[in-house]
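Me: I have a chain and a model open, and I would like to know what stands behind the labels put on them. Please set each label against its definition.

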Amino acid sequence: TVLMGIESSCDETGVGLVRITDRGPELLGQAVASSSDEHARFGGVVPEIASRAHLEAMTPTVHAAFANAGVAPGDVAAVAVTSGPGLAGALLVGVAAAKAYATAWGVPLFGVNHLAGHVAADTLEHGPLTEPALALLVSGGHTQLLRIDDLATDITEIGSTVDDAAGEAYDKVARLLGLGYPGGPVIDRLAAQGDASTVRFPRGLTGPKDARYDFSFSGLKTAVARYVETMERNGAGPDELQAAVPDVCAAFQEAVIDVLTAKTVRAAQDLGVGTVVIAGGVAANRGLRELAERRCTAAGLQLRVPRPGLCTDNGAMIAAIGAHVVAAGATPSGPHLTGDPGLPVNVVHAA
Ligand code: ATP
Ligand code: MG
Ligand code: FE
């Protein structure tokens with residue numbers, strides 16, 4: 001059985017095709033179109049531009065996914081679509097398209113959760129998840145620790161950011177350093193060239209009385225801004241500031257990944273789970289992947305992280321969670337399925 005997944009919650013239009021097998025979803029092919037270049041000069045995603053771009057990219061992306069997968073529309077037995085969370089107008093384009101395809105092909109439609117999709121992407125690469133597992137979801141809009149008892153039906157949030165998401169922190173720090181949008185990939189690259197020990201930035205919510213599983217990144221972002229301001233006030237010229245950027249990126253990244261990995265390992269140990277999944281756009285980060293691997297190995301935990309192309313938004317991850325939901329025997333979503341910008345992570349399948 002082939003399932004098509006459609007993603008349009010932010011600035012990527014993604015379409016993925018998977019085969020549903022006894023061992024879970026198998027990726028046949030996918031295509032992604034991004035409007036991120038159109039948002040770059042604004043330093044962040046502009047919702048109206050994103051919606052318009054989805055509208056233009058949807059049909060060509062569906063066609064490209066079929067071409068890449070080597071299957072035909074007649075092979076599709078179900079359609080899954082991101083119903084939330086995300087930008088209202090952007091979600092609506094994907095939901096409308098999914099309804100149109102499902103109706104035209106006479107197949108059932110399943111509204112699914114984007115965040116569960118990020119976690120499910122890993123099963124395309126590493127096979128069935130050993131449950132219960134702990135997931136660290138780190139993306140542009142979310143930073144959460146999730147207990148996964150069943151990927152399709154039973155996800156519980158045990159902690160989250162109290163202010164900025166990790167990806168948001170990357171994007172904001174990149175903007176203040178004049179590095180453009182999105183900030184994650186460029187900071188990741190510059191950090192590898194810098195020396196993290198030049199300055200120690202604060203680790204949010206790591207005091208003895210702080211919430212064990214919650215995160216905070218806005219103080220870190222402010223500390224980076226202060227550091228650059230102080231350099232300027234002390235007479236640093238453009239060349240000197242430019243030369244300091246890799247070190248600042250390295251120190252910022254070190255602070256982010258130190259907190260993320262420390263809290264994840266501690267949560268896994270507290271819950272007594274043996275498997276950790278890291279998912280979402282920030283999971284593409286090389287520094288995070290390396291440190292997580294080291295700390296999980298030291299703690300005797302099995303770590304799973306999807307390849308970078310499956311971490312950032314894509315349609316394959318939506319097809320993957322759709323396949324898990326279908327395999328769990330879910331009832332198809334009704335004709336009134338709509339986009340829900342605030343869909344909570346525990347609602348994996350939207351009616
Ligand atoms: P959400 O999933 O919360 O709705 P989103 O879909 O916009 O948000 P993703 O596409 O999952 O987010 O991730 C995008 C974020 O990941 C951006 O903030 C981007 O800067 C960040 N990111 C991408 N690559 C890297 C990287 N190599 N290192 C760090 N961050 C990265
Ligand atoms: Mg994006
Ligand atoms: Fe996402």
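**Labels and their grounds**

Reply: N285 sits in the loop between β9 (275-279) and α9 (286-298). Helices (H or I, at least four residues) and strands (E, at least two) are DSSP runs, numbered from the N terminus. This is a predicted model, in which local features need pLDDT of at least 70 and side-chain atom pairs count only at pLDDT 80 or more, while totals for chains, interfaces and linings use all residues. Residues are numbered from 1 along each chain as its sequence is written, and chains are lettered from A and ligands numbered from 1 in the order in which they are written.

Me: Why is N285 called buried?

Reply: A residue is buried if 20 or more other C-beta atoms lie within 10 Å of its own, exposed if 12 or fewer, and partly exposed in between, with C-beta atoms placed from the backbone. N285 has 28 other C-beta atoms within 10 Å, so N285 is buried.

Me: What does N285 contact, leaving aside neighbours within four places in sequence?

Reply: N285 is in contact with G184 and D188. Contact is assigned if the C-beta atoms of two residues, placed from the backbone, lie within 7 Å.

Me: Which residues does the UniProt annotation "binding site" cover?

Reply: According to the unreviewed UniProt entry, the annotation covers L137, V138, S139, G140, G141, D171, G184, D188 and N285. UniProt positions are given in the numbering used here, feature names are shortened, and annotations may be inferred rather than shown by experiment.

Me: What makes V138 buried?

Reply: V138 has 31 C-beta neighbours inside 10 Å and therefore counts as buried. V138 lies in strand β6 (residues 133-138). Not counting residues up to four places away in sequence, V138 touches residues including T143, A166, L260 and I278.

Me: Which residues are closest to ligand 1?

Reply: The closest are G140, G141, G167, G184 and G281, out of 24 residues that surround ligand 1. A residue is near a molecule or strand if its C-beta atom, placed from the backbone, lies within 6 Å of it. The elements giving two or more residues to this shell are α5 (166-176) and α6 (183-191), and α6 supplies the largest share, four residues.

Me: How does the shell around ligand 1 divide by residue type?

Reply: The shell has seven nonpolar, 14 polar and three charged residues. Ala, Val, Leu, Ile, Met, Phe, Trp, Tyr, Cys and Pro count as nonpolar, Asp, Glu, Lys and Arg as charged, and the others, Gly among them, as polar.

Me: Where does helix α2 bend?

Reply: Helix α2 (residues 47-69) bends by about 45° at A57, and the proline P60 follows within four residues. The bend at a residue is the angle between axes fitted to the seven residues ending there and the seven starting there. Among the buried residues of α2 are A57, M58 and F66. Their cover includes β2 (12-21), β3 (24-34) and α11 (315-327).

Me: Why is L205 called buried?

Reply: L205 has 21 other C-beta atoms within 10 Å, so L205 is buried. L205 is found in the loop between α6 and α7 (218-233). Although not a glycine, L205 has a positive phi of about 55°.

Me: How do you know that the chain agrees with a compact globule?

Reply: With 351 residues, a compact globule would have a radius of gyration near 20 Å; the chain has 20 Å, which agrees. The radius is taken over C-alpha atoms, and the globule rule is 2.2 Å times the number of residues to the power 0.38.
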